[in-house]
Amino acid sequence: KSTMDEVQDELLQRLTLGRSTNKKLPVPTGSSRTPMFSITYDSTPEDVRAWLEAKGFSPVTVSSLGVLTGAQLFSLNKEELRTVCPDDGARVFSQVTVQKAALERSSGLELLEVMRRRQQKLASSTSDSGVESFEEGCGH
């Protein structure tokens, strides 16, 4: 067994022990999806491998981390990434951090949009019922 296989085995073992990977963020669909490679918590190992290749990481890094799902990759910290890929660990960590931030931002924007629509619905339903707002009623 090669040392690379041992490292991958240990990595997968660490990820499956005591780590919950059930934290999922909503994935934006439709027009907001960019043609660029990106990964999410739902990404398969194939997606992760394609993303690593698109980001220009070394073949060693691609083969080491290309066995992980998106959720597993997102759960690794900087030190773990440095252990697995001494050359690219810090850069992988920063790319993963950027990717996570983008996911959180997009899910946050969706939430804001839903809240904005609800607010509009509430506003239109109160104005339709003949109830004047405080400012309109006190304009004398």
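1. Aromatic pairs. A search of the whole structure, which is a predicted model, finds one aromatic pair. The rings of Y41 and F74 have centres 4.7 Å apart and planes at 55°, so the pair counts as tilted. For this, rings of Phe, Tyr and Trp (its six-membered ring) pair if their centres lie within 6.5 Å; planes under 30 degrees apart are stacked, over 60 edge-to-face, and the rest tilted. The pair links distant parts of the chain: Y41 sits in the loop between helix 1 (3-16) and helix 2 (45-54), whereas F74 belongs to helix 4 (residues 70-75), 33 residues apart.

2. Burial of the pair. Y41 is buried, with a relative accessible area of 11%. F74 is also buried, at 3%. Buried means under 20% relative accessible area, exposed over 50%, and partly exposed in between (1.4 Å probe, protein chains only).

3. Helix 2. V48, W51 and L52 are buried in this helix. Seen down the axis of helix 2, its buried residues fall within an arc of 100°, so they line one face. The arc is taken over the directions from the helix axis to the C-beta atoms. An α-helix has 3.6 residues a turn, so residues three or four places apart point the same way. After helix 2 comes G56, with a positive phi near 80°.

4. The chain as a whole. The protein chain has seven helices and zero strands. Helices (H or I, at least four residues) and strands (E, at least two) are DSSP runs, numbered from the N terminus. Of the 140 residues in the chain, 26% are buried. Among contacts between residues at least 6 apart in sequence, 58% join residues at least 24 apart; a contact means heavy atoms within 4.5 Å. The chain exposes about 9,400 Å², with carbon and sulfur atoms supplying 56% of that area (Shrake-Rupley method, 1.4 Å probe).

5. Confidence. The mean pLDDT (the predictor's confidence in each residue, from 0 to 100) is 80 for the protein chain, and 74% of its residues reach 70 or more. Over residues 18-24 the pLDDT is below 50, and this stretch has 10 contacts in the model beyond near neighbours in sequence. Residues 28-35 are also below 50, with three such contacts. Where pLDDT is low, the predicted coordinates should not be read in detail.

6. Basis of the values. Local features need pLDDT of at least 70 and side-chain atom pairs count only at pLDDT 80 or more, while totals for chains, interfaces and linings use all residues. Residues are numbered from 1 along each chain as its sequence is written, and side-chain values use heavy atoms, leaving out hydrogens and water.
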